[in-house]
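Work through the exercises below with the structure at hand. Each task is followed by a stepwise solution.

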Amino acid sequence: MRVIIYKRVSTDEQANKGFSLQAQDDRLRDYCKLHGHEIIDAYTEDASGKNFDRPEFQKMFNCLKKNAGKVELILFTKWDRYGRNIGLALYYKELIENLGVTINAIEQPIDTVDKESILNLSVYLAIGEQERHRISKNSKEG
């Protein structure tokens, strides 16, 4: 399967600690090797997941539109790396799937064929969105 890997953090601190970009990259590449996937490209983002106006995400999305059929799957580690806004995440998921590309998280996989899996996906996305709201509130309160 021809794959794009997508890695995202929202702060410089995250980029260097814990859920770092390098850790995401290592997990994604190991997963692809284990499953025999061919990595076509990789996109790395240092931006909030609150919307999809992220430069690298948009670059990836435009690449998918221009190169229909060349990529079959986009992988990221967890759904909160994809996005932290349920509505926009589901909207872009549908746009990407309409281009013939599947998206999935290697640590929180969903069955993209089974339409009932939308409940599991919604839970993963809701957790990420709720965490974004909590972080924002805590930051504003100091």
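**Exercise 1.** Is K93 buried or exposed?

Solution. The model is predicted: local features need pLDDT of at least 70, side-chain atom pairs count only at pLDDT 80 or more, and totals for chains, interfaces and linings use all residues. Residues are numbered from 1 along each chain as its sequence is written, and side-chain values use heavy atoms, without hydrogens and water.
- Step 1: Buried means under 20% relative accessible area, exposed over 50%, and partly exposed in between (1.4 Å probe, protein chains only).
- Step 2: K93 has a relative accessible area of 10%, so K93 is buried.
- Step 3: K93 lies in helix α5; helices (H or I, at least four residues) and strands (E, at least two) are DSSP runs, numbered from the N terminus.
- Step 4: Beyond its neighbours within four places in sequence, K93 is in contact (heavy atoms within 4.5 Å) with Y82, I103, I110 and L121.

**Exercise 2.** Find the order of the strands in the open sheet.

Solution.
- Step 1: Two strands pair if DSSP finds at least two bridges between them.
- Step 2: The order of the four strands is β2-β1-β3-β4, with parallel pairing.
- Step 3: β2 (38-46) and β4 each have a single partner strand, so one side of each is left without a neighbour in the sheet.
- Step 4: Between β1 and β3 there are three bridges in the parallel sense, and V3 stands opposite L73 in β3.
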